[in-house]
There are 2 protein chains.
Amino acid sequence: MKIELASSYGFCYGVKRAINIAEQHRNSFTYGPLIHNKDEINRLKEGFNIGLIEKIEDIKNDNAVVIRTHGIPKNELALLKNQENKIIDATCPYVTTPQNIVAKMSAEGYSVVIFGDKKHPEIKGVVSYASDKNHAFVVLEPQELDALPLKNKVALVSQTTKKPEDFLKVVNRLILTHKEVRVFNTICNATFENQDAASELAKRADIMIVIGGRHSSNSKMLHSICEQECKESYLIENETELNANWFNDKKLCGISAGASTPDWIIQNVVNKIQEINH
Amino acid sequence: MKIELASSYGFCYGVKRAINIAEQHRNSFTYGPLIHNKDEINRLKEGFNIGLIEKIEDIKNDNAVVIRTHGIPKNELALLKNQENKIIDATCPYVTTPQNIVAKMSAEGYSVVIFGDKKHPEIKGVVSYASDKNHAFVVLEPQELDALPLKNKVALVSQTTKKPEDFLKVVNRLILTHKEVRVFNTICNATFENQDAASELAKRADIMIVIGGRHSSNSKMLHSICEQECKESYLIENETELNANWFNDKKLCGISAGASTPDWIIQNVVNKIQEINH
């Protein structure tokens, strides 16, 4: 039996990259959680002695500081640089993009609108890059736009994890009332990419194994997509749940994983399936 | 009885301006019809000896040429300048705006999309301003976008007379698939301005007179809007249709006019109503 991983699965590019960067910097500290996955943060602590500091005032001058995937506010980054901390930047490139756009558009005199959640660390970072603080706004609902003192030239970015259809509602409200709206689609399609890749693989596979938390909505969604395309689809949390009988008379076993499933759990599952097949 | 004109009525700003410019240049020629109204073009011919030339090759070097409200293609304008024709530019400023935007965005390396009708003189003019002809496209339906070899940076303008809701459909299709979409809302709201102004006046007036063609859809729309707000509303084509009895015991007579109704017809109506009231 052949085992094939979906062309996109599990952690997104930015999360994988951040973990890879962190692993290369033993004994460093992340300022805030590197990613939103406790198992993985524990693994980095145990395997690489990477600590977690929650408050910036607790960071000492000689700490090597890993910047989390979501990025941090510009002034905090400047503070760490001032303190002469060694900075290891694991900000997701898909988050650096809206940071840079906000900086450029604000400097060019645009009103900047950020579609996202004010309290989310990514958005706290992105909005901090506007040089003109009086003309940079975070909105979650289109109707919030009406109260804003926007110029006729507006630049718009989105939190990377927002739904495109919700972003369009904000775009549409702006376009009807402003002469120029410069729309930067900074939404990251990782979730949709995992879903599309799982669906494509499920069409060809005799059995699909989806690895992810039983309570993770995005893992359940992946499983449901696979069930539509492949007669036998299973959602498991780890390799101990595999059943050897499932693989009888199968030619192709497809594998996908939820966005919060670390690679090492996926690898354990692949190893176990190979063992069963021997 | 007081007579009050709606704050916006009849010919739009660009058309009024073009007629004003033409009247100041007796014995000139327009290249193509100055505006879309034959009565008015006849009046300019009879009163100001302003001729109409349909084909560019029929324009002689010593002709003073009035550029129509819709504008003309860039190469034709260059040809006339080369021929040393005296150029009198009556292009509507709301049309000059998308011409300039297309020139600038094309020069900056954006793919340019123009939402409009390929055969409309305004659009023939606007698209001609793209320096990179291979990356400038006119679309009328959102699905036409899918076949276009667009870059990731797209600039979008609209024909001035299009409906905003149709423009948004094109915007939305682009935003989901392109990293930067620079949306310039170049739609002119003249039609809606006339409607809003008529509605506002009709609320206060005891009688509303709407002047416009009985078969003009925009005049009929104005009349219907006035009927909703004012008990007595009449749609007339000219002053001969006025009835003196309508104005008995009225304090405020409101007046609006369709987009194809020249000012002189409106003035004749106002004069006649004043006469009746004496």
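This note goes through the structure in numbered points.

1. Basis of the model. This is a predicted model, in which local features need pLDDT of at least 70, side-chain atom pairs count only at pLDDT 80 or more, and totals for chains, interfaces and linings use all residues. Residues are numbered from 1 along each chain as its sequence is written, chains are lettered from A and ligands numbered from 1 in the order in which they are written, and side-chain values use heavy atoms, with hydrogens and water left out.

2. Confidence. The model scores ipTM 0.75 and pTM 0.78. Chain A has a mean pLDDT of 93. In chain A, 100% of residues reach 70 or more. Here pLDDT is the predictor's confidence in each residue, from 0 to 100.

3. The cavity. The structure holds one cavity of 30 Å³ or more. The largest cavity has a volume of about 50 Å³. Its lining consists of Thr30(B), Leu34(B), Ile41(B), Leu44(B), Ile50(B), Gly51(B) and Leu52(B). Helices (H or I, at least four residues) and strands (E, at least two) are DSSP runs, numbered from the N terminus. On a 1 Å grid over the protein atoms alone, a cavity is a set of points where a 1.4 Å probe fits but cannot get out, and lining residues have an atom within 4 Å of a point. Grid points are joined across faces, edges and corners, and the volume is the space filled by probe spheres set on the points.

4. By class, the lining of the largest cavity has five nonpolar, two polar and no charged residues. Ala, Val, Leu, Ile, Met, Phe, Trp, Tyr, Cys and Pro count as nonpolar; Asp, Glu, Lys and Arg as charged; the others, Gly among them, as polar.

5. Asn49(B) lies in the loop between α2 and β3 of chain B. Its phi is near 50°, a positive value in a residue other than glycine. Asn49(B) is partly exposed at 38% relative accessibility. The cut-offs are: buried under 20% relative accessible area, exposed over 50%, partly exposed in between (1.4 Å probe, protein chains only).

6. A positive phi in chain A. Glu84(A) is not a glycine, yet it has a positive phi of about 65°. Glu84(A) sits in the loop between α3 (74-82) and β5 (86-89) of chain A. At 68% relative accessibility, Glu84(A) is exposed.

7. Helix α7 of chain B. This helix covers residues 190-204 and has 15 residues. From first C-alpha to last it reaches 22 Å, close to the 21 Å expected at 1.5 Å a residue. The expected span is 1.5 Å times one less than the number of residues. Buried residues in α7(B) include Ala190(B), Asn194(B), Ala197(B), Ala198(B) and Leu201(B). An α-helix has 3.6 residues a turn, so residues three or four places apart point the same way.

8. The whole structure has 26 salt bridges over all chains. Each is a side-chain nitrogen of Lys or Arg within 4 Å of a carboxyl oxygen of Asp or Glu. Which partner does Arg182(B) have in a salt bridge? It is Glu180(A), with the closest N and O atoms 2.7 Å apart. Arg182(B) lies in strand β9 (residues 180-184) of chain B and Glu180(A) in strand β9 (residues 180-184) of chain A, so the pair joins two chains. Arg182(B) is buried at 4% relative accessible area, and Glu180(A) is buried at 7%.

9. Salt bridges within a chain. Glu229(B) pairs with Lys203(B), the closest N and O atoms being 4.0 Å apart. Glu229(B) belongs to helix α8 (residues 217-229) and Lys203(B) to helix α7 of chain B, so the pair ties together parts that are 26 residues apart in sequence. Glu229(B) is partly exposed at 33%, whereas Lys203(B) is exposed at 54%. In chain A, salt bridges that share partners join Lys2(A), Glu4(A), Glu200(A) and Arg204(A) into one network. Lys104(A) and Glu108(A) also meet in a salt bridge (3.3 Å, N to O). Lys104(A) is partly exposed at 46%, and Glu108(A) is partly exposed at 38%.

10. Two C-alpha distances. Glu229(A) lies in helix α8 (residues 217-229) of chain A. Its C-alpha is 43 Å from that of Val112(A), 117 residues apart along the chain. Val127(B) is in helix α5 (residues 121-127) of chain B. The C-alpha atoms of Val127(B) and Gln99(B), 28 residues apart along the chain, are separated by 7.4 Å.

How values were computed:
1 Å grid on protein atoms, 1.4 Å probe; cavity = no way out; pocket = protein on both sides within 12 Å on 5 of 7 lines; lining within 4 Å.
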